[in-house]
Amino acid sequence: MRFTLFATDALFFSLIFVAIGYFVYASKREHLRAPWREVTKNSLAMAAATVLASFLIIAILDSIHFFPRLEQVDGDQGQVHYASEVISMFDLLAGPVREQVEKTYSAPFAIHAFSKETIELEDGSSVRDYPRLQYGGAHLTDVRERAPDVTRRALGGVIGALIAWFCGVSMMLIWVGRKTACGYRAHLFAMLRNENRGPARTLLVATASIAVVIGVCAALAPYYHIFGTDKVGTDVLYQSLKSIRTGLIIGTLTTLVMLPFAILLGVSAGYFRGWIDDVIQYLYTTLSSIPGVLLIASAALLLEVYMSKHADEFTSLVARADLRLLALCVILGITSWTGLCRLLRGETMKLREIDFVEAARAFGVGHTTIIVRHMVPNIMHIVMISIVLDFSGLVLAEAVLSYINIGVDPSMESWGNMINSARLELAREPIVWWSLLAALAFMFVLVLAANLFADAVRDAFDPRLRVIS
Amino acid sequence: MISYIVRRIAYAVPILIGVNIITFVLFFVVNSPDDMARLQLGERRVTQEAIDKWKQDRGYDRPLIWNTSAAGVQKFSDTIFFTNSVRLFLFDFGQSDSGRDIGYDISQRMWPSLAIALPVFSVGLLLTITLALIVAFFRGSYVDTWAVVLCVAMMSISSLFYIIGGQYLIGKLLHLVPISGFDTGLASAKFIVLPVIVGVIGGLGSGIRWYRTIFLEEINKDYVRTARAKGLSESAVLYVHVLRNALIPILTGVVVVLPMLFMGSLITEAFFGIPGLGSYTIDAIQRQDFAIVRSMVFLGSFLYIIGLLLTDLSYTVVDPRVRLQ
């Protein structure tokens, strides 16, 4: 296979490296470690973090893109050919689920199609009936076999997942036991009795439930369409899982785009005051007074114009959709940096009057050094809080924006696009509800986990809240 | 007081000019009118004559900022910038790209927007404050914990779900009200009920949580301790002392959205088929009507700035400690 890196992939990976770098940095400094330890003590937050981590893993897998190698054709020796279509590591794992495309809609776990068709019988006559699906439940001969078959496979999935989970946990325990030299048994009992009052038990339950969900899906997905299929017959579960990447990228890259602006401008406005302050204040008041949706809409319109003008610059539809996703992140970032900028300006104004800054100035320390050494580290908690708080809002915003056609490219899998296409499906009789419900359910899980985690981070990092409680 | 208001309005003018310049740059400099014409008339096969005609019909054939071929004041006034941007300051929105009078459309569509937004706003505010007070009353107990969890869960549900779910449950299953549409006068009531219910419920989660923190912040202050020390009952402390003082941050936070109510809600109006300004904007975005989007950007910013002004004024009205500077 030949790997390829889209712009959003590159940024997403660099963001992950930055995050890893931050955690390595923070783990060596007590003042940064303390609030994170506070977060890890919150069991609800840790459960949420487990969910977020599993979403993140899917998104990372889905961000490794490559052209798969084609089968060797006889005749041209040594010549390696690649498919023209880019797929991701996740597609590779999803394998059969991605390729089992039906003709059109089918309900969850259906083995018959959603609409009637004329079927030719063997004796030449034809009847109008619901035809069998090509893949969904194809191994069954009758619909009555479905319930026991599903139960059997699901049970197998549960058992497999629990065994895998048990092995994982035991290996973890043994590893921890080796490392601390007091044996894994001591750790096991401490955990079962909940002695360290940590989130260990919650984590065990959370990982076990996630393992079970994955196990059941993995056991059933190759044989049934768990969430049905959409208009063109793609598996809805596959689509929803692919949408995770879109959601996460919008939630994280947007912050990455706006952070430099917000920190640089906010800190310099608060630190230098005077005309710099006036200019920056004017800038963000002006930008924030334009209603966000309208600014995004105008920018999206302009992007449309740009893309139709430079249509030949894009090598493929995927590259085009990717650029549009990146542009959306940039636009969202431009509309959302103002709030953080205002907060940082206020905090810096408070900070610069504090004695240690005055002392640094008296020693003749330059402005740049004061800002880098004394200002920025002291406002980072605000930045951290706003990153995690903004995330869920951005994921929700994506759906709304895609709904009014100014979000991600229609060809890209996203929950917003799924909901958007469900608009017409709801008017059908009987209604096609699965695609809509799957998108909303996935979005709900991600946003709820993000909200719970964000709350814990805010509680741990906000010194003001610490004083009150 | 009057001099303060005048000064604040004077401060708003450069911001409006800034908004105007931003939209001008976005719509006419980043993308030339030629691009717009091509997009509207349909991509590549369009001839230059058709583009020129399209531009001429809409007055986009003038120079951008400075007309060298004209004389005197016309050098400045016979340009795209003057005819399309400066006139917005006089609320002269001109014609949409499809030839309709934008100002007239706005004045017509404002009222349906208001008919939805005003009840959503007032009912929602009353309900959230009441519920938040109740939650604050039970602070630290299981009621409080679960109420907060419920709020977080409600916040995590996409607004689209509330709308679709409401339409399905109330409109399609129970047949209580029509799913979407609008009417004139009192007959519109049955169309308004559903969007209002959906709007109020959709805002409950974040609203209750937000007001609860405001109440809790007040409860920790010294005057509350004094009130309790006097022997006042908990409810008297809450409803008389805390509520009155918490109204200051609530009121000032709320005033800023008041003028924006005219703009309506994009999503709600689009879903319920309300002929308000929100659906007007969405239609314009989807038809790629640049003139309307530009006008709505300007109008929205204008209303927001009015909101900021009102916020500052409301501070001085509700909180006598705030002095006008």
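Analyst: In chain B, residues 24 or more positions apart account for 66% of the contacts with a separation of 6 or more. The model described here is predicted. The secondary structure of chain B comes to 14 helices and 0 strands, so named here from the DSSP runs of helix and strand. Of the 325 residues in chain B, 36% are buried. The radius of gyration of chain B is 25 Å, whereas a compact globule of 325 residues would have one near 20 Å. Along the principal axes, the C-alpha atoms of chain B fill a box of roughly 80 × 60 × 35 Å.

Chain A may be described in the corresponding terms. It has 17 helices and 5 strands. Its C-alpha atoms fill a box of roughly 100 × 65 × 55 Å, again taken along the principal axes. Buried residues make up 37% of the 469 residues in chain A. Among the contacts in chain A between residues at least 6 apart in sequence, 71% join residues at least 24 apart.

The contact between the two chains draws 36 residues from chain A and 40 residues from chain B. On the side of chain A that touches chain B, at least two residues each are supplied by α10 (274-289), α11 (292-309), α14 (367-403) and α16 (434-461) of chain A. The largest share of that side, 10 residues, comes from α11(A). By class, the side of chain A that touches chain B has 25 nonpolar, 8 polar and 3 charged residues.

In general, two packed helices are described by the angle between their axes and the distance between the axes. For α11(A) and helix α12 (residues 317-351) of chain A, the axes come within 10 Å and cross at roughly 150°. Angles over 145 degrees count as roughly antiparallel, and α11(A) and α12(A) are therefore roughly antiparallel to each other. The crossing in which α11(A) passes α12(A) is right-handed. From α11(A), the contact is made by A:G292, A:L295, A:I296, A:A299, A:A300, A:L303 and A:M307. From α12(A), A:R320, A:R324, A:A327, A:I331, A:L332 and A:T335 take part. By class, this contact of α11(A) with α12(A) has 9 nonpolar, 2 polar and 2 charged residues.

Another of the helices on the side of chain A that touches chain B is α10 (274-289). The loop between α9 (236-272) and α10 of chain A holds A:R273. This residue, A:R273, has a positive phi of about 50° although it is not a glycine. With 14 C-beta neighbours inside 10 Å, A:R273 counts as partly exposed.

The axes of helix α6 (residues 146-180) and helix α7 (residues 184-192) of chain A come within 8 Å and cross at roughly 120°. α6(A) and α7(A) are therefore oblique to each other. α6(A) passes α7(A) in a right-handed crossing. Here A:L173, A:I174, A:V176 and A:G177 in α6(A) meet A:Y184, A:H187 and A:L188 in α7(A). By class, the contact of α6(A) with α7(A) has 5 nonpolar, 2 polar and no charged residues.

Technical notes. Residues numbered from 1 in each chain as written. Chains lettered and ligands numbered in written order. Predicted model: local features only at pLDDT ≥ 70, side-chain atom pairs only at ≥ 80, totals over all residues. Contact = placed C-beta atoms within 7 Å. Helix = DSSP H or I, 4+ residues; strand = E, 2+ residues; numbered from the N terminus. Nonpolar A, V, L, I, M, F, W, Y, C, P; charged D, E, K, R; others polar. Buried ≥ 20, exposed ≤ 12 C-beta atoms within 10 Å, placed from the backbone. Axes fitted to C-alpha atoms, helices over the stretch in contact; angles between N-to-C directions. Parallel < 35°, antiparallel > 145°, perpendicular 65-115°, else oblique. Left-handed = near helix turned anticlockwise from the far one by under 90°. Rg over C-alpha atoms; globule rule 2.2 N^0.38 Å.
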